[in-house]
Structure formats: structure tokens, C-alpha cells
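Please read the points with the structure open.

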Amino acid sequence: MIECASLIISVASVIVAIAIGGGQIYLARKMDKFEQNQNERDEKRRKDEMFASATAFIQKYSKDGYQSDIYLLPLCVAAYKYNPSYPYRREIYREFCSFTEDMQSLILQRCEINLQSVRQEDYYDIQLKKYKKVEARYCPDDKDIFYGNGKLFEHALTRHGTEPIPSLSCLKDRTQREAEKNPTIKALTKKDTPTMNFKEHITNELAYYPNDKPLQVLFFEQTDKGSAADGLEIIASYLCCMVAKYVSIYSHKDADKKEDIGCPEDFQGKEYMEDLFLDALYTMENYNV
């Protein structure tokens, strides 16, 4: 009788243990499911909030046609990589730098710009070192205007970033004079004008005469506001930015070109030296492969 009772108690204990274990497994699975659903809801909420914030950002800077700051979005990436804490003049740069990289990536994706916005140690030094190797091949034995770790170049941002890009002119160069021998081009040129846009002169020298020491020529070239050699730093900084940009472009091979990286030159609003500096960095990174 006692043995029978013990057996019954043992069986009952096993049944209770199984029932409790089954209940615990059920509760655990139910809790896991609840947590999974909660995580999915939280993730959806996070993505919805990011999407809404990205929408607000894109709308905010897309209000004025081709004068909209949204065309400068590729330069936001350069601003973030250069120094996300720098107090840039443009609000779009400052706001973009304040976002998480996930948020930045979403904005770039929404605008169909194939660039990666990630923090990079020594970004400026890396791009400058890469550029100088390209320049040495493209303009051999030319003047070093990027001496002192490119201080004149960097001063375009750190000393002159809030200033408008200067409008400079110089005497017509050999390329322009030769072009004006064409009656069609001559008819489109202002009569009795001995000068031309300094930017066009820079691009002419770099595009057509890379072996004639164009950097030295341009450094000493007189404009209507003086020359880089005169100690006018903003002109020297302007020249460095233009040279860095166009040497990168002219020495670039189409086979290496990245697609859908934006086109800051579509921006037709007022430009400042910080824009020119960031544009040069952006071009150095994406064209100097």
C-alpha cells in the first residue's frame, strides 16, 4: 500500500514537473515572441522617424530651384569627413554633420547619391598625399603651391571660409587669343576686352599645358586684384582649390569614374570659399583613383 502510494506520488510529481516545465517553455516562447514584436515595432518606429527626418531635411534645402543648397549635398560628405565639429558657414553642412551616419546614408540614398559618409582618421592628410602624387605625374617638376601640408589650401576654409569666392580677371591667355581667331568665337566675345576670367585661364593652362609648369605660371599671374605671389592669401587659397580640383579631373581616367556621386556644379546660388575648399576635397577623393 505504501509502495503504491509512493508510486502515485512519484508519477504525480513527474506530471507536475512536466506541466510546470511545459508552462515555463510556453511562457518563455510567448515572452520571446512579445520581445520580438516589441523590437520589430521599435525598429519600425525608428525607421519611420529617420525617414520623416530625412524628408524634412531634403524639403528644407530644396526650396529655391538651382539655388537650393541640396545640390551641395555631396560636399556635406566632405565636410563630415574633414571635421564634423567644424563650425561651417552653411547650415546644411552643420546639420548634416550632426546626424548619425545611418541618417546621413539614408539622406544620400533618398537623393540617389552613391557616396559613403563615414568618419575617417586623417582624411585631409590622406587626400592631400594622394593628390600630390597625381600632381607630380601630371605637372612634373612644377612649383609646389601645397607646401606646409597644404596650408594655403586649408586656409581657404579656416581663414577665408566665410568670404565669397573672389571674382578675378587677367589678361587673355594664348588659348583664348587662339580661340578668338575663329570668327564664330570672336563674334561671341566682348569687343575691345583685353581680359578674361581667371578661372578659365587656370583651366586652360592645366588642360593644355601641363608640361609647361602651369602652377608656377599661375602663382605669379597678375589678376585685377593682384597675384598669389604678392602675398594675397585669399588668391593663393583660391588658386590651390582650383588647381586641386582640375588637376584631379584632367588626370582622371574615365574607366575609374564613380557613378551617381552628385554634381555640386549644378548649384547656382552664391558660393563661398568653404564651398570651394570642400568641392576640391570631394573631387580629390572621387577622381584621384
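Is Arg174 buried or exposed, or in between? Arg174 is partly exposed, with a relative accessible area of 34%. Buried means under 20% relative accessible area, exposed over 50%, and partly exposed in between, using a 1.4 Å probe and protein chains only.

1. Basis. This is a predicted model, in which local features need pLDDT of at least 70 and side-chain atom pairs count only at pLDDT 80 or more, while totals for chains, interfaces and linings use all residues. Residues are numbered from 1 along each chain as its sequence is written, and side-chain values use heavy atoms, with hydrogens and water left out.

2. Arg174 and its partner. A salt bridge is a side-chain nitrogen of Lys or Arg within 4 Å of a carboxyl oxygen of Asp or Glu. Arg174 forms one with Asp212, and the closest N and O atoms are 3.6 Å apart. Arg174 sits in helix α7 (residues 174-179) and Asp212 in the loop between α9 and α10 (214-220), so the pair ties together parts 38 residues apart in sequence. Asp212 counts as partly exposed, at 42% relative accessibility. Helices (H or I, at least four residues) and strands (E, at least two) are DSSP runs, numbered from the N terminus.

3. Other salt bridges. The whole structure has 17 of them. Lys245 pairs with Asp279, with closest N and O atoms 2.8 Å apart. Lys245 belongs to helix α11 and Asp279 to helix α12, so this pair ties together parts 34 residues apart in sequence. Both Lys245 and Asp279 are buried. Glu180 and Lys172 form another bridge, at 2.9 Å between the closest N and O atoms. Both Glu180 and Lys172 are buried.

4. Helix α11. The 18 residues of α11 (residues 233-250) should span 26 Å at 1.5 Å a residue, and the end C-alpha atoms are 25 Å apart, which agrees. The expected span is 1.5 Å times one less than the number of residues. Of the 18 residues in α11, 16 are buried.

5. Largest pocket. A pocket is an open set of points on a 1 Å grid over the protein atoms alone, where a 1.4 Å probe fits, with protein on both sides within 12 Å along at least five of seven lines; lining residues have an atom within 4 Å of a point. The largest pocket holds about 360 Å³ of space. Its lining has 20 residues, and Ile165, Lys199, Met242, Glu271 and Leu276 lie nearest the centre. Elements giving two or more residues to this lining are α9 (198-208), α11 and α12 (273-287). The most comes from α11, with four residues.

6. Helix α4 and what follows. Met103, Gln104, Leu106, Ile107 and Leu108 are buried in helix α4 (residues 101-110).

7. Cysteines. There are zero disulfides in the structure, a disulfide being a pair of cysteine sulfur atoms within 2.5 Å. Cys111 is in none, and the nearest cysteine sulfur, in Cys76, is 9.7 Å away. Cys111 counts as partly exposed, at 24% relative accessibility. For Cys263, the closest cysteine sulfur is that of Cys111, 14 Å away and too far for a bond. Cys263 is also partly exposed, at 38% relative accessibility.

Notes: Points joined across faces, edges and corners; volume = space filled by probe spheres on them.
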